[in-house]
Every structure is written in structure tokens, then in C-alpha cells.
Amino acid sequence: MRPAFAAVLLAFGGCGKDQPARFQPPPGAPTGKETLHQPAKLTSVESDQKDALGRPLRVACESCHSLRETKPMPSRPEELKEFHQGLQFRHGELACTSCHQASQPRSLHLATGEPLPMPEAVTLCAQCHGPQYRDFKAGAHGGMTGYWDLSKGDRTRNHCVSCHDPHSPKYAGGHPVMPPRHPSAQGEPDTKEPQHHE
Amino acid sequence: MSDIFSRRTVMKGAGATLGAAAFAHAMAPLTEWTQDLSVDAFLQKHYKELTRDEMARILVHLKAEAKQKYGRDVDIQDLPPQEGVSFGYALNLSVCIGCRRCAEACHQENNHDRSTGNSYIRVLEMQQGSLDLEHGNANYDHPVPAEGKYYLPVQCHQCDNAPCVKVCPVQATWKEPDGIVVVDYNWCIGCRYCEAACPYHARRFNWTKPEIPPEELNPDQGYLSNRVRPRGVVEKCTFCLHRTRAGRLPACLEACPTGARVFGNLLDPKSPIRWVLENKRVFVLKEELGTRPRFFYFFDK
């Protein structure tokens with residue numbers, strides 16, 4: 001009865017099929033969720049190899065560590081072997097064991113000594129980086145993708161490790177994209193953008 | 001002799017000739033009628049006077065036109081502003097590294113002409129300690145961030161007291177209830193007054209027909225935002241209203257690798273944008289002009 005009534009209303013209201021698909025929030029739409037991005041870094045390591053499609057091949061921690069015991073944590077990064085060899089470390093005066101458990105290097109620990117699984121590293125970072133964590137919680141640090149309006153869809157927040165390598169956390173720059181179309185004008189502080197861009 | 005060519009007859013003949021010439025000249029634009037302009041488009045009313053049915057017909061026409069000109073099926077919508085939503089944007093200058101990924105995302109999302117590399121975002125390389133926009137360099141091409149510099153991305157500030165809106169002689173640009181300053185590309189006459197009036201150099205003019213390969217065309221389009229603009233009209237950033245009015249984040253925000261950008265509803269006290277405005281040291285560009293921008297900048301420290 002009710003759908004038929006609605007159809008009649010629609011027909012007389014001029015909302016035919018050729019109408020533009022105006023956005024209407026679906027009735028009783030579930031509220032979107034905010035999820036945390038899970039960077040591959042937390043569960044795998046780089047192998048320096050490429051797969052068939054030329055993408056960098058990562059090796060899951062479990063590939064090796066499910067088969068053999070993890071050795072105790074070395075005191076310096078230079079002592080690391082095999083997959084962990086050559087690790088660059090530039091993160092203040094921290095020791096490996098400041099974050100990793102000495103006996104179980106695959107998991108972390110808080111300053112209290114309480115163990116912490118890898119994917120929850122945000123809590124670990126927050127111990128020292130309070131202002132960043134405060135901004136992150138407010139949605140003002142780290143960036144996001146998806147919906148600003150959670151009643152319309154989901155949103156994914158970046159993890160600390162999505163952008164910062166925990167062993168060398170300073171964000172690396174690089175060469176900018178979208179190169180200027182008139183390179184001759186480049187570097188002159190007074191130059192405006194070329195005329196046809198304006 | 002005088003019977004045939006009386007003064008009156010001569011005057012009549014001269015008058016008729018002049019009249020015909022004037023008429024022909026007045027009609028001259030019709031001889032230049034191109035395929036770019038259909039009769040429907042020529043007779044189209046102002047956006048605010050269009051009924052839903054008329055808009056529906058226009059959208060059907062625009063989609064067919066896009067298919068014919070750009071060889072791809074596109075979806076052009078006319079999303080209305082949402083009730084209780086007023087958009088605001090903030091950018092953290094402490095973390096922006098000037099990589100121009102926002103400008104690139106804008107270029108792709110908003111269907112800009114590929115050859116000119118156009119974008120609604122211009123990233124200025126600035127001397128640390130200076131806020132003089134006239135000395136910002138938009139043409140830097142070296143690894144970033146450079147020593148002693150900071151980076152200031154500038155796009156439309158969606159001013160609440162917008163000079164560009166005031167100068168438009170035909171009201172082809174106006175402020176929407178959710179704060180976005182839009183352009184009806186079908187109503188714009190291309191006089192570029194708005195471009196001259198904008199203190200932030202945020203408007204762009206389409207000198208040529210934008211060229212975009214079909215596979216690069218963004219098919220998710222809006223009538224007031226990223227549908228491919230015709231030649232000879234002014235265009236501008238709309239905070240990606242075809243996305244944001246559907247609840248999504250703007251393309252430039254999603255593309256930012258440093259998370260410098262914060263977007264949201266100014267009327268929602270729990271939104272990240274409100275948190276930034278209430279807790280950070282926020283400023284706007286050229287505040288003294290009284291434009292009341294909705295685009296804010298802040299530093300972490």
C-alpha cells in the first residue's frame with residue numbers, strides 16, 4: 001500500500017526517471033566508520049626484489065618467523081642480519097629496546113613495560129609525541145581519505161607509520177610534481193605564473 | 001527622369017540599403033554559430049531560475065555533448081547544498097613541503113586541460129618570515145622543501161564578502177548557502193572582471209577548448225564544479241563540491257602526503273576544522289581587504 005502511494009506521489013511530483021540523480025541520504029543509512037590505515041611496514045619487510053608486475057616485493061614477517069625462533073634483540077642496528085641488515089636509524093637517542101621487546105622483537109612495549117602489538121604502534125608513538133597525538137585525535141594531523149561526513153560513508157585515517165618510518169621518522173621531501181610549463185621563468189622570485197595559466 | 005528617380009525614391013532606396021546592412025550586421029553573430037553552442041544552450045535561463053525539469057534536460061544535453069566531444073560516458077549531477085552545512089578549509093603551513101600533489105590532484109579531479117597543466121591550486125615558494133604573495137615563486141622546480149623556504153598553497157578562499165561576485169556584470173557567479181562561490185559556466189560571458197577582482201589570483205580563464213584524453217577524463221562531474229568548461233569562460237575551485245556535497249573529502253586533501261589539509265563543516269562543533277579554528281593560531285591571507293575567507297592557514301608552533 002505504502003510503496004504504491006509513494007510511486008503515485010513521485011509520478012505527480014514530476015520525479016520521473018530522467019531526473020538528475022540528486023543526492024538523497026538513504027533512509028536509515030548506517031553511520032560510517034573511521035578506521036585506521038594499516039601500513040604494510042608493520043607486518044612485512046622490503047626484500048629489494050620486484051614481483052612480476054614490477055612492484056616492490058614485500059615479505060611478511062610470518063614467512064620466516066613462523067618457522068624459527070626470533071633471536072633476541074641486538075644492541076645496535078648494525079648488528080642486524082639478513083632481511084633486517086642495513087637498517088638506517090635516525091630517531092633521536094633511542095635504543096632498539098626502547099620500543100621493541102628485547103626477547104620478542106616482533107612486538108612492542110610501552111614505557112611501562114606493557115606489551116603492545118605492532119598494529120597499535122600509535123599508542124607507543126604518542127608517549128613522546130604528545131602534541132602530534134593530540135592533533136591526530138582531533139583530525140588535524142596525518143591526513144585521511146574517504147568521507148568528511150560519517151553519516152554518508154567511511155573514512156580512513158593514516159597511521160603514524162603510514163607516513164613516518166619509525167626508524168627514520170623525519171618526513172622525506174622530494175622533487176615536486178606538476179613541473180612549471182615555462183622553465184625559463186623558474187627560480188626568478190618575481191615571476192608570476194605564465195600568462196595563459198591566469 | 002524626375003518621375004522615376006524622385007528624391008523620395010532615392011532616399012527610400014538608400015534607407016532600405018542601410019537598414020538591410022544594419023540588420024545583416026546585427027545578425028552576423030548567427031553566421032558564426034558553431035556546433036559548440038546549441039539553441040537550447042543559447043536560450044538557457046540563469047541557474048537560479050531553472051526548474052528541476054529544465055535542469056534535468058540540460059544535464060542530459062551536457063552528457064551527450066561530453067560524450068560527443070570527449071568520447072566518454074560521464075555523469076553530470078547538480079547536487080544541492082546540504083542543510084546545516086557550511087564548508088571551511090584549513091592548511092598547516094608547518095608540514096606543507098611544497099610537493100604540489102594537491103595541484104596535481106586538482107588538475108585530474110577537475111578535468112583541466114592537459115597541455116597547460118592548469119590547476120586551481122598555486123603553490124608559492126615563500127621566503128621564511130615573509131608573507132608577501134607578490135614575491136612568492138610558483139615556478140620552482142627543485143627538490144623540496146628547500147632551505148629557508150616555506151610553501152603556501154593558494155586556491156579559492158570562498159570569501160564570504162567576495163569581490164569576484166560583486167564585479168560580475170551578469171551575476172554568473174554567486175555564493176551558495178554552504179559557502180561555496182560557484183560559476184554558471186553557461187551564463188558566464190567571459191569578461192574576466194572576477195579574475196581581476198580576486199586578490200588571491202584564484203580564478204582561471206579557458207583560453208582554448210580543454211583537451212583531455214578519454215581515459216583521463218574524470219566521469220564524476222558536477223554542473224557547477226568539474227564538468228569540462230567551454231572555451232571563453234572563467235572557472236575556479238569549488239572545494240570539489242561534486243564530492244563534498246556528497247559527504248566526501250576534497251581531492252586535494254586526499255592527495256596531500258603530509259596531512260597538511262583539514263576540511264569540514266564549520267557548523268559542526270565536533271568537526272576537525274572547528275578544532276583547528278579553536279585551538280590553533282589561525283590566520284587568513286590579506287585580512288585587511290575584508291574579504292572574510294573560508295580558507296585558513298595555521299602553524300603548529
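I count a residue as buried if 20 or more other C-beta atoms lie within 10 Å of its own. I apply this to a predicted model.

**Entry: chain A overall**

I looked up the burial in chain A and found that buried residues make up 13% of its 198 residues. I then listed the secondary structure: chain A holds six helices and seven strands. Read from the N terminus, I noted the order α-β-β-β-α-α-β-β-α-α-β-β-α. Among contacts in chain A with a separation of 6 or more, 47% join residues 24 or more positions apart.

I next looked up its pairing with β3(A), residues 56-60: four bridges join the two strands, which run antiparallel. I picked out one of the pairings, in which Glu46(A) has Arg58(A) of β3(A) as its bridge partner. Between the strands of this hairpin I noted five residues, and Gly54(A) takes a positive phi near 85°.

**Entry: the contact of chains A and B**

I turned to the residues that each chain brings to the contact. Chain B gives 51 residues and chain A gives 44 residues.

**Entry: helix α4(B)**

I examined α4(B) further. This helix has 19 residues and reaches 26 Å from its first C-alpha to its last, close to the 27 Å expected at 1.5 Å a residue. Within α4(B), I found Ala56(B), Ile58(B), Leu59(B) and Ala66(B) to be buried. Why do I say that the buried residues of α4(B) line one face of the helix? Seen down the helix axis, they fall within an arc of 165°, and I therefore assign them to one face. On the other side of α4(B), I noted that Ala64(B) and Gln68(B) are exposed. I looked up what covers the buried residues of α4(B), and the cover includes β1 (75-77) of chain B. Just after the helix, I recorded that Gly71(B) takes a positive phi of about 65°.

Definitions and conventions: Residues numbered from 1 in each chain as written. Chains lettered and ligands numbered in written order. Predicted model: local features only at pLDDT ≥ 70, side-chain atom pairs only at ≥ 80, totals over all residues. Contact = placed C-beta atoms within 7 Å. Buried ≥ 20, exposed ≤ 12 C-beta atoms within 10 Å, placed from the backbone. Expected span 1.5 Å × (residues − 1). Arc of directions from axis to C-beta. Pairing = 2+ DSSP bridges.
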